[in-house]
Amino acid sequence: MTMYRLVPTEDEARDEDRTETGSIHSQNGYHPHPQPSTPRTRIQSFMLSLKNRLPSFLRSSIPSSTSFNSSASWGSRTTAVPRHVTNPGAGFVKPKDKREYKLDSLFFKRFIRILEVLFANRSMVFWLYISMILFCCLNEGIVYYVGLIPSRYYKVLVDKEKSAFFQLLGTSLFTVFLAGFGKSGIFLLGSLLAMEGRKTLTLYFHRIYLRPKLFYRITMMHEEDVDNPDQRITQDIDKLMESLKRMVEELIIIPLLIIFYTYQCWLLAGYTGPLFIYGYFIISAITSRILINPIVDAIFYKESAEGYFRFLHVRFRQCAESITFSRGEAEAKNSADESLEVLMVNQLNVIYKELPLQFLQQSVSYFGSILSYVIIAIPIFMGDYDHLPPSDITVVISKISFVSMYLTYQFSKIIKCGTDFSDVAGYTSRLGQLMEALDNLNTEMENIAIDFPHEESVSSDSTIRFEDVSFNTPSGELIVSDFTYTFEVGTNTMIVGSNGTGKTSILRVMGGLWPMSRGQVILPQQYRKDLIFLPQTPYLTYGTLREQLVYPHKDTAATVSDAEIIRVLKLARLEHIAEMVQDFDFTYTLDWTKMLSPGEQQKMAFARLFYARPVFAVLDEATSSMDNDSEIEMFNQCRLLNITCITVCHNVGLARFHQRQIRLNGTDGGWSTSEISGPSNVESHDDYDDGGQEEEDAPTF
Ligand SMILES: Nc1ncnc2c1ncn2[C@@H]1O[C@H](COP(=O)(O)OP(=O)(O)OP(=O)(O)O)[C@@H](O)[C@H]1O
């Protein structure tokens, strides 16, 4: 036996104070109910004031109350970030007067963390980056040579040297060709770098996001903290790498170039040249930094709005049939229009905030070229080159012009990268925030020991035991209090109660998805093998029929024989599927959920169950879409295969397949257990009338 538990520490237990209603209060955690003056009330009043300030079409998108975790059994919030006002139906609105994302130390911390992931273990990204540096150095050597060509032309033209002119023509044509080759090489390496970077970061996120239990919690419970994690992984990483690529292409060897051209400029124009250029850069950089901050923030919120807009369309696609049946197309159009409107508002916000930066960048470029003439003029008017003949002065002017303009150009490139930099900062904030949320959640889950197994709790029998278990909803409502029950092998148990009384929640606690506020659950040692959960809507993977049956153990698919597939399909009354697909190894481009009816999808889940043959099957309304005969067949097969059922359902007719029941009464976490007296199983279909028809000894739920 294996046990997982959430037991308060001794200190925490001391602080606990039980009220008459059975709720538990604690100074340092485990609050099943919200405390009177909590952040929840503050957030609610903030949202109310925000709602009143919004245009009418957005008001409907703001929920009148927001769920807030006051229960410490759910741990602390994932990150100290603002509560976004969210609504998947309409989009996203940023709380007014609240700027959170900017170029501060947190940004640099997050950015360094992303770089650590990208460059870890001398990855491919690392080598591409090194190759790019080398290529850029080579290319800049060529550029420097090309830059000096005009001064050589001036010389041969003023001196009328014909043969030197043709020689120079040949060399310059070859150099220009080399420069083109260099530029396209940088483009290739940059694109590979962006692609490889995207792959590395995405794989990293797959690893930390799709972790057992954590994936469920971040998507189901922490939407307020981290909106659209899927969009961050699929879109934001790509955009981050594209912006980074552009920046790297522009800036990769800029420090070297600045040192080199500063030295050249100082040699030709004296100290005033570099002094003017550096002064001009410092002023531009400070102004640029001031203008970038609001853009980072705007990009963060624009991406959130993008996420909701995309999410809405995905939901339309998933629910196309339901929407059409309920003639909800007009409503869908309205919410899509509203969501687009919110996106446009956010996009416009980005455009407006980028405008001053664009103005600065353009002005800086033009001003840079004027500055180079000032730098040339100073030594010329000071008479530094009066001793040279006119042809040599034109060479000097051309050289100073090139080095000063090129140095100014390097600085203006840094300023011009401001837009990309603000993009990078925005995406870094979104990805960094997700990383932190996942880290915090992971630590939180480790601290509350929600996962199992705990070696010291190993026991020999195969029962599932709940011992004094209490738990709350994520919003802090007590659902079940001091629940003690043993699920024994061979004894089917039914869990019943009205809607929302916590039937599925008991299964969530059993599966480790929800934490307990107290008590412990003891599972069979090989719980992964011995315990299989069948939800109402099974998850059907993309892939072959063989893979479908062994889900989630895709790697074992090849070991399942065709005969075995046909056998379990027959048990699940899906033999026609075998004929329909013919080739068990054909990967269907069509979604299996489109190929199978809801009832057939549930049968597919039973086919998996019959293939795996666990000790316990936890069925959460797992037969709700099946016809009566099929329902009987599923429970009969479970009995024949010695699978003990723990069933959540509303169908009174199913009582005959169970020996015990747990009833949740929905008030103060109350519950009761009883024996079910009636036929414990059904051999023939005839003695099963109708799921809705009660028999004398069948309990009513
Ligand atoms: N993610 C969540 N956040 C907040 N509350 C939740 C969440 N999931 C469930 N709840 C609440 O927990 C309570 C119990 O939910 P549960 O799904 O266990 O009910 P149930 O008895 O299975 O209902 P039904 O018979 O309708 O399936 C409900 O009041 C529900 O609102």
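Residues are numbered from 1 along each chain as its sequence is written. Because the model is predicted, local features need pLDDT of at least 70 and side-chain atom pairs count only at pLDDT 80 or more, while totals for chains, interfaces and linings use all residues.

Student: How many residues does the largest nonpolar core have?

Tutor: A nonpolar core is a set of buried Ala, Val, Leu, Ile, Met, Phe, Trp, Tyr and Cys residues joined through C-beta atoms within 7 Å. A residue is buried if 20 or more other C-beta atoms, placed from the backbone, lie within 10 Å of its own. Ala607, Ala617 and Val618 have the most contacts inside the largest core, whose number of residues is 61.

Student: Which helix gives the largest share of this core?

Tutor: Helices are DSSP runs (H or I, at least four residues), numbered from the N terminus. Six residues of the core come from residues 598-612, the helix named H21.

Student: Which residue of S13 is the bridge partner of Met494?

Tutor: Strands pair if DSSP finds at least two bridges between them. S8 and S13 (residues 660-664) run parallel and are joined by five bridges. In S13, the partner of Met494 is Gln661.

How values were computed
A residue is buried if 20 or more other C-beta atoms lie within 10 Å of its own, exposed if 12 or fewer, and partly exposed in between; C-beta atoms are placed from the backbone. Helices (H or I, at least four residues) and strands (E, at least two) are DSSP runs, numbered from the N terminus.
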